[in-house]
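Biologist: Could you bring up the model, so that we can go through some side-chain contacts and then a sheet?

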Amino acid sequence: MRVNIPIIDLVGNFAQNYFKHMRYPIFLICCLILFGSCQPQAQNMPAPGIIPEPMKIIHAEGGLILHSQTPITINDPSLHFSAAQIQKWIGSPTIQEGSSGKILLKIDPSLDSLGREGYYLKSDREKLLIVAPAVEGIFYGVQTLRQMLPSEIENSKVADPTIPLTEIWDSPRFNWRGMHLDVSRHFFKTDFIKKYIDYLALHKINTFHWHLVDGIGWRMEIKSHPELTDWGAWRIQKEGNPWDYFEIAKPEDDRPKYGGFYTQEEVKEIIQYAAERAITVLPEIELPGHSKVVMKCFPELACLDKNGKHYPSTHVYCAGNPDSYQLLEDILAEVCEIFPSEYIHIGGDEVDKKYWKSCSKCQRLKQKEKLKNEHEIQSYFVNHFEKFLHNKGKKLIGWHEILEGQLSPTATIMYWKSDKESKEYIQKGHPIILTTENKYYFNFYQGDTPLEPVAWGGHTTLKDVYQYEPIPEGLNETELANVLGVQANLWTEYIDTEALAEYMILPRMSALAATGWNQKEQKDWEQFRNKLPKLLERYDQLGIHYAKSAYIPEIKIEWNDELASATASLSTELPATIHFTLDGTTPTIDNAIANDSLIQLGQAKEITAQAFVDGKAVGPELKKASLTNLAMGKSVDLKSKTYGRYKAKGAQSLTDLKVGGETWGSAEWLGFLNTDLLAIVDLDKAQNISAVHLRCIEQHSSGISFPTQIVVEGSNDQVNFQTIGSIDIKESGNDSGQISTEIFKIASQKNTNYRYIKIRAKCKRSKTQGWFIFTDEIMIY
Ligand code: TNX
């Protein structure tokens with residue numbers, strides 16, 4: 001995985017190659033100096049700030065003007081595409097073949113220690129040279145050059161641009177740098193697929209994982225089974241219909257339809273388009289699950305229920321029916337024929353095995369093949385296609401669930417669970433690509449949830465993506481060698497427009513690209529955040545609807561004992577000036593600046609913040625309640641015991657105004673297992689109480705539930721407590737995995753004056769499992 005590049009050798013080698021044929025080097029160098037002095041002088045240029053950062057870059061003073069009249073020279077016809085890109089940017093009149101020139105792209109196998117994707121780029125006062133052992137390296141050298149040119153080239157030719165003087169040696173960390181796109185839940189037209197590929201190329205991503213098939217949409221023409229697209233590519237359009245409930249639309253149905261598919265000609269066009277940009281297209285055909293649409297087209301491929309009837313709505317192929325294998329073989333044969341990719345992805349994730357369990361055909365197969373359980377039916381199914389693909393000269397990739405049961409050791413795994421478990425999967429010994437869900441699912445939120453378009457539950461900011469190191473500690477060399485690389489996925493359940501797809505992938509893809517390309521030690525968040533705005537200018541020129549979420553201020557509110565006030569500190573992931581107001585009005589550049597200061601909130605009810613770059617507002621404004629209340633900073637006597645690490649900073653955390661994030665794992669939450677929460681807040685003196693609020697979080701699948709009842713009492717002597725108010729809380733009806741936070745409000749029934757406020761929150765109880773209460777703040781008004 002690591003490419004060992006003897007830099008010194010490379011330079012020596014390079015110089016040797018370039019000068020060994022020169023009979024009069026000194027004379028030539030003198031001529032060049034003389035000639036150079038007659039050229040118009042280019043001004044000094046700032047360091048180019050390329051993303052991903054090249055492996056080694058030396059930046060010199062001065063600049064090189066790339067004259068539009070200069071021809072572009074290539075030493076191999078395969079470099080024509082890269083040369084044509086430069087031609088488009090600066091308007092050079094010709095591309096010529098040769099081995100010397102002022103703009104020279106050159107394949108030189110002697111640089112093979114850089115790997116196929118590595119390159120050397122040099123711009124001095126005279127000429128620009130990009131040399132690489134292979135066409136891919138030249139393409140990447142040209143993408144680096146692209147970021148050295150003014151961003152306007154993205155839109156129109158820029159004549160005679162100046163580029164900085166640099167010398168670059170570059171080579172990626174990982175061989176697999178992928179981006180996925182799900183075109184099944186929502187369909188994206190060929191033109192957009194090409195744009196998507198363009199974005200990958202700009203970021204030196206080399207694999208486009210095309211998720212062509214899933215539950216509700218079949219998107220690739222299969223000549224032997226036209227039903228798959230005649231029917232399976234279209235669904236009846238329904239207002240507000242969730243993506244998972246659908247009805248396929250047959251051609252004779254004249255209700256409004258949604259959908260589309262790619263003809264085989266279009267698929268070939270995309271493959272060719274990607275190949276020119278050094279990108280491999282990896283097709284995915286889901287099996288044996290996630291195939292609801294196939295069962296709608298071929299109901300006889302569904303399992304049998306206990307009455308011997310085909311299930312009307314399943315998403316798995318019947319493993320005991322030979323026709324399932326035949327259909328998939330027909331499909332995969334066409335896929336293998338069209339896609340030159342070394343790998344074919346067969347899905348394999350989230351197979352609901354209950355259908356196989358109840359199906360007489362599957363049970364017969366189990367007996368016949370002596371399969372121990374339904375997991376082994378899964379591996380039987382997958383192994384069948386591994387062999388099939390192997391015979392076609394292809395390798396199989398599947399989601400990590402294909403490891404259930406016995407799997408052929410040559411199968412490659414795409415791992416999508418959280419970063420916490422990746423080590424265990426890497427150690428299983430299969431080649432593996434990490435598409436870690438909590439870091440690389442770009443369908444997750446990237447900014448403050450209420451300000452973002454509806455997305456899949458998780459939350460992964462630009463900085464989270466950048467700072468993630470995908471290789472866990474403590475792997476040996478063999479295990480490390482199993483990791484082919486990294487990939488981010490874009491699942492499109494909620495992504496129904498091209499603009500939204502762009503918004504979700506960019507700029508997070510630039511952070512993924514950095515991890516895919518740069519060695520761990522080379523990554524530097526400060527450097528990255530300062531460079532990124534230049535790349536964003538390029539996105540602007542390209543008309544990309546990228547997310548500005550990294551400009552949404554993060555507002556941290558906290559009680560400050562010394563200042564005896566609630567305080568706020570504000571920051572943004574990308575460099576910006578943050579202006580704020582405390583009166584609810586929209587901030588302008590005339591309002592106070594929040595950067596690098598602790599803002600005293602006093603009695604302000606809320607704070608409103610807005611990021612500005614060059615005096616212009618960027619991203620949405622953010623309002624946050626200050627939570628100013630009578631309990632803030634007051635001491636708490638916590639009578640119940642917190643569980644394990646869910647203790648925050650102790651009882652005081654309940655009145656420090658620091659509220660937890662959207663997940664209960666963050667440091668502000670206190671967790672109580674099978675115990676009621678009992679806490680007494682001392683307000684220092686008797687106060688008039690109108691309400692008490694308790695903020696809680698729940699996620700049933702993690703055994704965390706809202707309290708079932710909250711009772712609030714008051715006292716002035718800590719002995720005699722009177723009821724202030726209480727509420728009963730009904731079961732929320734949330735999905736088991738859904739995470740929700742809520743502030744429960746207990747109003748005071750009459751005018752009350754108390755110093756000590758006792759809060760008791762009842763924990764849900766059940767015989768079959770333990771339940772937690774999680775809370776992070778008590779607020780008293
Ligand atoms: C899981 S990851 C899935 C997809 C969903 C995605 C939503 C994987 C192999 N399966 O089908 O779209 O979660 O985040």
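Biologist: Is K127 buried, exposed or partly exposed?

Modeller: This is a predicted model, in which local features need pLDDT of at least 70 and side-chain atom pairs count only at pLDDT 80 or more, while totals for chains, interfaces and linings use all residues. Residues are numbered from 1 along each chain as its sequence is written, and side-chain values use heavy atoms, with hydrogens and water left out. Buried means under 20% relative accessible area, exposed over 50%, and partly exposed in between, with a 1.4 Å probe and protein chains only as cover. Because its relative accessible area is 34%, K127 counts as partly exposed.

Biologist: Which side chain does K127 meet in a salt bridge?

Modeller: A salt bridge here is a side-chain nitrogen of Lys or Arg within 4 Å of a carboxyl oxygen of Asp or Glu. The N to O distance is 2.9 Å, and the partner is D124.

Biologist: How many residues apart are K194 and E269, which also form a salt bridge?

Modeller: The closest N and O atoms of K194 and E269 are 2.6 Å apart. Helices (H or I, at least four residues) and strands (E, at least two) are DSSP runs numbered from the N terminus. K194 lies in helix α5 (residues 190-202) and E269 in helix α7 (residues 264-276), so that the pair links distant parts of the chain, with a separation of 75 residues.

Biologist: What is the relative accessible area of K764, whose side chain meets E731 in a salt bridge?

Modeller: K764 and E731 have an N to O distance of 2.9 Å. K764 is in the loop between β33 (740-762) and β34 (772-780) and E731 in the loop between β32 (722-728) and β33, so the pair ties together parts 33 residues apart in sequence. E731 is exposed at 52% relative accessibility, whereas K764 is buried, with a relative accessible area of 15%.

Biologist: In the open sheet of three strands, which residue in β26 is the bridge partner of T581?

Modeller: The strand order is β24-β26-β27 with antiparallel pairing, two strands being paired if DSSP finds at least two bridges between them. The edge strands, which each pair on one side only, are β24 (577-581) and β27 (616-625). β24 and β26 (residues 606-613) pair over five bridges. In β26, the bridge partner of T581 is T608.
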